[in-house]
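User: Walk me through this structure, please. I want each term set against its definition.

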Amino acid sequence: MKTKIFLILIVVCSSIYSQRIDFNLPQNIKLFADFLFCEKDYLRAIEEYGKYLEVIDNDTVKFKIALSYSLMNDQLNALQEFSSANNSSTFYEQSSIEILKSLYLLKYDSTFYVFGNDLINSKSQFSTNAQKLLNTSIFLTEKGLPDKNIFFKPFESEEKLFLEKFYDQKLNPPYKSETAAGIFSAIIPGSGKIYTEDYGDGITAFILSGLLTYLAYTNFEHNHPTRAWIFTALGAGFYAGNVYGSIASAQIFNAKVNFDFENGIRLFLEDKDYFSPTYDFCK
Amino acid sequence: MTSVNKTIVFFLLLAVMNLHPQTSLQQQFDSAIELYNQEKYFDAITEFKRLQFFDKENLYSFQLNLFIGKSYKAGSKFDEAIKYFTLAEMNAATEEDYFNSKILSARTNILRRTTKQSERILNELNDDSRFVSRITVIKYWQGWNYIFSDEWDKAYEIFSENILDTTLANLCKSVDEELYSVELAKYSSYLIPGSGQFYTGEYISGVLSFGWNILFGYLTISAFIEDRMFDGIIVGNFLWLRFYSGSIQNAEKFAVQKNLEISNKALKYLQFQFRGEKP
Amino acid sequence: MQRKKYLLTVILLMTVTVNSQTDWVRWEKSDVSYQIKDNYLDREYDLSIKSASDIIVKPVINAYWFFISDVDGANCPFQPSCSSFLVQSIRETNPFQGVVMFFDRFTRDTNVFGRDEHYPKYGKRHFYDPITLYTLDTNKIKFIPANTFINE
């Protein structure tokens with residue numbers, strides 16, 4: 001009897017101290033999935049978390065799956081996963097603000113505004129974030145801007161400092177007039193392009209038109225009519241080209257103003273990660 | 001007595017089995033290798049990484065890094081492959097392991113066309129006295145490296161000197177002989193515009209080039225002779241110079257294009273029909 | 001040497017995590033082609049008649065390309081080349097406007113300064129300057145900032 005107890009003890013101790021690992025145990029799957037998540041290996045993390053959820057229901061895991069999709073920029077799947085969080089979930093408020101971010105990135109404009117306004121009025125801890133995102137997004141639409149004080153209310157001082165110039169520019173964009181450019185170039189060839197800040201091209205246009213006019217004139221004077229007419233035709237061509245080009249240059253200038261504006265706002269939003277919260281899943 | 005002995009043996013066996021530390025890790029490794037052999041590389045990497053995470057004592061460190069690297073290489077993800085081969089190299093316990101991971105690193109660099117790096121790795125191995133016996137392997141991949149860096153003459157030297165693979169030696173030799181000399185094409189067009197094009201087999205372009213150069217050369221020189229300096233400068237600069245430099249440009253372009261065709265043909269053969277070991 | 005190896009491991013591990021984007025989509029076994037691609041831009045000879053003006057323009061332009069332009073080397077720093085620009089502008093607008101656009105393009109071609117800060121880059125040696133910027137139709141203008149690389 002004593003021998004038997006002794007032997008049983010040996011077996012029990014050996015199984016405690018053995019290094020047998022069951023890779024398919026849910027907690028081991030979760031440990032590995034958390035590791036993958038922190039390594040930014042999101043697709044694999046999603047697969048592992050999925051296996052975990054087949055056995056155990058867990059709000060954090062569901063949220064991390066949705067977050068993984070979002071971090072891989074698969075906003076469609078992210079939206080689906082975040083939306084499955086109901087208000088009993090631990091991450092309900094975080095899911096809501098992440099849904100707003102996904103709606104913005106997917107460009108579902110009307111849903112974005114409706115959902116955003118609901119979130120602002122819901123007194124969630126992320127209402128300010130939602131307000132910031134909604135306000136910033138107005139810059140990229142044709143909508144009118146609200147009063148300055150109302151607009152900048154949710155923002156911090158350094159954000160306000162940055163966005164103020166965009167606010168002013170949206171109200172008064174520094175466009176160049178196409179008509180003005182055309183008229184300037186009609187009077188003095190090249191001046192229209194200098195007006196639209198195309199200095200090199202403006203000077204070149206002036207020189208070419210001037211040179212050809214001079215060549216035409218001297219050839220008429222020296223009685224070389226064929227050459228003179230060729231130079232006249234070329235001169236006329238370059239003159240017409242210069243007027244046309246100045247108008248096009250003004251259009252391109254204005255397109256650049258719009259591009260820089262929109263790009264500035266986009267980079268700002270990217271930098272702020274669309275005002276979504278930061279998480280400390282990976283310390 | 002006998003039944004007590006049997007019981008003792010039975011329990012002792014159980015204890016030994018329990019204490020065998022690597023059963024589960026080895027099983028995991030084996031199933032991951034199974035996936036690798038089935039060419040399911042993405043999943044194989046997942047299982048290798050799983051084992052890596054739980055292998056706290058780093059018993060499998062070298063093998064895991066090596067196989068993850070090989071899986072990435074099979075999927076043409078060369079940057080990742082090289083990183084894991086380098087990690088394997090650092091975890092190599094034996095010289096054999098170190099050598100194998102270095103060679104795989106070199107081969108991946110060849111495929112990625114970062115031939116300077118593979119050259120450096122292979123030269124390091126060449127200079128390493130530990131691997132004198134493996135010189136054939138090193139030379140073989142040095143040859144392939146020359147093929148991929150478009151140095152067919154050096155590749156031929158390697159393959160022929162070391163009696164490695166006569167098919168490869170013959171192929172490299174024939175490619176090297178077929179290739180046009182880009183310098184020759186360029187410089188003959190410096191001397192006689194259009195001749196570079198003739199050399200590369202583009203006869204029409206050569207004739208046109210030659211013709212334009214003769215015409216504008218004649219017009220420029222006659223303008224200078226008749227003391228019409230301005231005309232001479234205009235014709236010379238805007239017409240003659242243009243066609244003269246165009247001829248040199250085209251000669252170079254045709255030589256480079258034809259050479260590309262020749263080497264691509266050889267590379268295609270190597271990729272799809274050559275039966276020997278490939279990077 | 002040990003210290004170097006340690007540093008290298010750290011750097012490698014950091015870059016491994018940064019580059020994990022490779023595995024954000026499932027991938028299968030694949031082989032990379034051994035063959036090398038040609039870097040030269042090829043002329044698009046095309047004798048198809050797509051509009052009325054093509055009946056005159058096409059033969060003239062193709063003859064120009066064959067006898068002159070292909071022989072005097074690649075001189076135009078822009079993509080599309082000046083002659084292609086002319087053809088495309090005539091096709092997109094009308095002969096008169098196309099010719100005027102061409103004169104403007106020639107002016108820009110003459111100005112050798114400041115191209116780096118003005119035009120996006122195309123391939124290794126050219127600048128990108130499509131006709132859509134110059135048709136005077138603001139809806140067609142798609143602004144691309146300078147120093148962007150296109151079709152590399």
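**Domains and interfaces**

User: How much area do domain 1 and domain 2 of chain B bury between them, and on which atoms?

Analyst: About 810 Å² is buried between domain 1 and domain 2 of chain B, and 77% of it falls on carbon and sulfur atoms. This is called buried area because it is the accessible area (1.4 Å probe) that two parts lose on being put together, summed over both. B:Leu171, B:Glu178 and B:Leu179 supply 47% of what domain 1 of chain B buries against domain 2 of chain B, more than any other three residues. The model is predicted: local features need pLDDT of at least 70, side-chain atom pairs count only at pLDDT 80 or more, and totals for chains, interfaces and linings use all residues. Residues are numbered from 1 along each chain as its sequence is written, chains are lettered from A and ligands numbered from 1 in the order written, and side-chain values use heavy atoms, without hydrogens and water.

User: What makes these two parts of chain B domains?

Analyst: The domain assignment of chain B gives domain 1 (3-179) and domain 2 (182-270). Such bounds come from an automatic or database assignment. The C-alpha centres of the two domains of chain B lie 50 Å apart.

User: Why is the pair B:Asp43 and C:Arg26 called a salt bridge?

Analyst: The N to O distance between the side chains of B:Asp43 and C:Arg26 is 2.7 Å. The term needs a side-chain nitrogen of Lys or Arg within 4 Å of a carboxyl oxygen of Asp or Glu, so B:Asp43 and C:Arg26 qualify. The count between chain B and chain C is two salt bridges.

User: How many residues does the contact take from chain B and from chain C?

Analyst: It takes 44 residues from chain B and 35 residues from chain C, with contact meaning heavy atoms within 4.5 Å. Chain B and chain C bury about 3,700 Å² between them, 61% of it on carbon and sulfur atoms. Twelve residue pairs are in polar contact across this interface (both at pLDDT 80 or more). Helix 14 of chain B gives the most to the side that touches chain C, with 15 residues. The side of chain B that touches chain C divides into 21 nonpolar, 13 polar and ten charged residues.

**Sheet and backbone**

User: Why is one side of strand 1 and of strand 4 of chain C left without a neighbour in the sheet?

Analyst: Four strands of chain C form an open sheet, ordered 1-3-2-4, with mixed pairing. Strand 1 (78-79) and strand 4 (149-150) of chain C stand at the edges, each with a single partner strand, so one side of each has no neighbour in the sheet.

User: How do you know which sense strand 1 and strand 3 of chain C pair in?

Analyst: Strand 1 and strand 3 (residues 126-128) of chain C pair in the parallel sense over two bridges. Pairing requires at least two bridges found by DSSP, so these two strands of chain C qualify. C:Phe78 stands opposite C:Phe127 in strand 3 of chain C.

User: What is the omega of the bond joining C:Gln79 and C:Pro80?

Analyst: Omega is about 0°, and the bond joining C:Gln79 and C:Pro80 is a cis peptide bond. C:Pro80 lies in the loop between strand 1 and helix 3 (82-92) of chain C.

Key. Polar contact = N/O pair within 3.5 Å; in protein donor to acceptor, adjacent residues only side chain to side chain. Nonpolar A, V, L, I, M, F, W, Y, C, P; charged D, E, K, R; others polar.
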